[in-house]
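Reader: I would like to learn how to read a model of this kind, one feature at a time. Could you take me through it, giving the general idea before each case?

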Amino acid sequence: MESLIFYLLSAVTLISAVFVVFLRRPMHNVLSMIVVMIGLAGLFILLNAEFIGMVQLVVYAGAVMVLFLFVIMLLNLDQIRLPIDPREGRTWIGVGTALALLLVLFPILRAVIPSGTSAPETGQTMSNTQIIARELFTTYLLPFEIASVLLLAAIVGTVILAKKRS
Amino acid sequence: MIPIPEVNLGGILPALVLCLAGLVVMMLGLFIRRGAVATAAVVSIAGVLIAAAANTPLRMMDKQAFAGLINLDAYTWFFNLLILISAGLTVLTSVRYLTDDGLDMYEYFVLLLFASAGMMFMVSANHLLIVFVGLETLSIAIYVLVGILPSSKKSKEAALKYLLLGAFSSAVFLYGAALLYGSAGSLGFPELAKYFKAGQISRMAYVGMGMVLVGFAFKVAAVPFHMWTPDVYEGAPAPLTGFMSVGVKAAAFAAFVRVFFQSMLPAQMNWIEIIWLLAALTMVLGNLAAIVQDNIKRMLAYSSIAHAGYLLIGMVAGKEAGPAGMLYYLLAYTFTNLGAFGVVALVGRKGEANVMIDDYRGLAKTNPFLALAMSIFLFSLAGIPPTAGFVGKFTIFSAAINAGYIWLVVIGVLTSAASVFYYFRVVMKMYMEVPETQPAELQFSPAMLLALGIALVGVLYIGVFPTNYLNLAALSVKPLF
Amino acid sequence: MVTLQHYLFLSAILFVLGAVGVMFRRNLIVILMSLELMLNAVNLTFIAFSRYLGSIEGQIFVLFVMVVAAAEVAVGLAVAVAVFRQKGTVDVNEINLMKW
């Protein structure tokens, strides 16, 4: 059963990811991206990370992708068809490097032996969400606070950049 | 039952003060109609000074805080100080820039302060998560600052290029971090160090290490990951370019050294060769490309790439002497480059209309003080005694010779000799040539004069009396080993 | 039987696909989406390791990656809007006042 769900979700995710990269209308790219997000959320839940899965749905598929849609509508990009042509010679060097990386990664990842408890923590009394909450507000309190500075900087920055000055 | 988190606000007080100053500036900007920039600058400087005071106790500390996520030690102290110096000088050199065209861009200081706070967290990190979050806080603030000039097309273009390549490098860095996590089971530096010491290093860990290295190489602008640098440095406002070339670079180098020396030292044999190659390429390409530039900001951008190469020599040299040399070099470079970019901002005049090297013709006639200051900054960049730049290069080169990297030093010396050519070209233009048209009068502001004065005194003082500062640098790298 | 390797392969492919998109495409919006794809691939790697190592740290890291990704997208789209206002295009090849 787990295998079936995995293969289904990864097929959907991979095909939509190819669509994200190669489709020519920005609107289609965004819609494919939402499918990728949903597929990944399913995979996260399959990996016993329910909380992250839900955050993925709410934050990514919900908020971030709506932001993309919003900008596409704002800039009137919804009707155009983007040309697909490689940029220059060095684009191909980059693409070649990326594919070479994949070839290098595959045998290395194949050899990975998962250490620690290979099975998910069984018999635990706390849910995944509870564990994350406890860790986030105790051990990882400092990065949590730094993230607030980061978000404030992003808010201030976005307003400055997008504001029209007369 | 809820466990109580470990909180040590005293240790992160410098960064907290900067964040608070940023918030105060933000609030004040809402209520002050005219002269918001001047007020914001005063508050920022006050924040920087208080943060510097709050930073002093760190020098004597050597401990971890926040559940072992950050280090409070002399190394953190040194880099906090360096960040504060560069932030303070940048505030002073930026003031006039932001009042041009009646802009009143006080938000500039808010972002500058937040970026500095992010850097402070980054240099104190004892966990890759803190490096990442600090790095991104700094990067996001800088992306916006680069594109802050509303009327400049180049500025927006630079922001765009920096953002795309910065985000790409972050993604590579993160994938590397993920692979390291899979190998070591945790991303805390002590756990990573334990994993690398145990000896059975998987190939996945090497790939992860390599990708983290690429991420850092992007941030410090090492060849071949430097392509963004000239465009971004050219398009950004000149004072900010100065800040990027010293503050951001220092913070990135600090984290780079911390990560590789504190947690991956046992695998040194594997990464040192790569850094050797990066250093050699960076020095050669940076210096050669600088020779053919006509725009002074682009020239200084390539010069800053070349300096990243010299700093990488310090990393290759290793032991304690190499990193100690880097710390001194970064201190010297902070004063030198901020001074040089201050002059560039001043001579550029309104809207940066005069940023070609030819615009410096005859500067010695019209403004002898400014020409002299610029010459001293350029001498220091070229590494000519008695400036601080000379001592910095000398320290790093001798550390590398002691460690047996003769060829790298040969490349370093040859490329520095070549660099004298393009630095002197500017000096020659200032002293030997006359301008074709009479340029507009320069507008000195008190803040700019103060900044140039501090930079000048810094360059000469730590160049003539380097002993104390060299000892300080040696002391500050102790906690790493 | 689904093993750790399955997830690692999937995320490696997604990561490289995203990288190819960043280098191949010229439209700013699509490039930003490809970057998101790369970050999501990283998240999948972290979560997969987190499960098979039995440690929560990977999931915490993913939360922060999400925060940063959202902030980066917001700033990136703001830059895109600003560039579009000045140039009327979001094609990175036509944004070339300075040489790359």
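Author: Let us begin with a single position. Helices (H or I, at least four residues) and strands (E, at least two) are DSSP runs, numbered from the N terminus, and in those terms Asn48(A) is found in the loop between H2 and H3 of chain A. This is a predicted model, in which local features need pLDDT of at least 70 and side-chain atom pairs count only at pLDDT 80 or more, whereas totals for chains, interfaces and linings use all residues. Residues are numbered from 1 along each chain as its sequence is written, while chains are lettered from A and ligands numbered from 1 in the order in which they are written.

Reader: Does Asn48(A) count as buried, exposed or partly exposed, and why?

Author: A residue is buried if 20 or more other C-beta atoms, placed from the backbone, lie within 10 Å of its own, exposed if 12 or fewer, and partly exposed in between. Asn48(A) has 15 C-beta neighbours inside 10 Å and therefore counts as partly exposed. The C-alpha atoms of Asn48(A) and Asn128(A) are separated by 7.6 Å, although these residues lie 80 apart along the chain.

Reader: How many residues of chain A are in contact with chain C, and which helix gives the most?

Author: Two residues are in contact if their C-beta atoms, placed from the backbone, lie within 7 Å. By that test, 67 residues of chain A are in contact with 59 residues of chain C, and H4(A) gives the most to the side of chain A that touches chain C, with 11 residues. For classes, Ala, Val, Leu, Ile, Met, Phe, Trp, Tyr, Cys and Pro count as nonpolar, Asp, Glu, Lys and Arg as charged, and the others, Gly among them, as polar. This side of chain A divides into 50 nonpolar, 12 polar and five charged residues.

Reader: Within chain B, at what angle do H3(B) and H4(B) pack?

Author: Axes are lines fitted to C-alpha atoms, for helices over the stretch in contact, and angles run from 0 to 180 degrees between N-to-C directions. Helix H3 (residues 74-99) and helix H4 (residues 107-124) of chain B pack at about 165°, with their axes 10 Å apart. Angles under 35 degrees count as roughly parallel, over 145 as roughly antiparallel, 65 to 115 as roughly perpendicular and the rest as oblique, so H3(B) is roughly antiparallel to H4(B). The residues of their contact divide into 11 nonpolar, six polar and no charged.

Reader: How does the packing of H15(B) and H18(B) read?

Author: Helix H15 (residues 368-382) and helix H18 (residues 446-464) of chain B pack at about 45°, with their axes 11 Å apart, which means that H15(B) is oblique to H18(B). In this contact Ala373(B), Ile376(B), Phe377(B) and Ser380(B) of H15(B) meet Leu452(B), Leu456(B), Val459(B) and Gly463(B) of H18(B). By class, the contact has six nonpolar, two polar and no charged residues.
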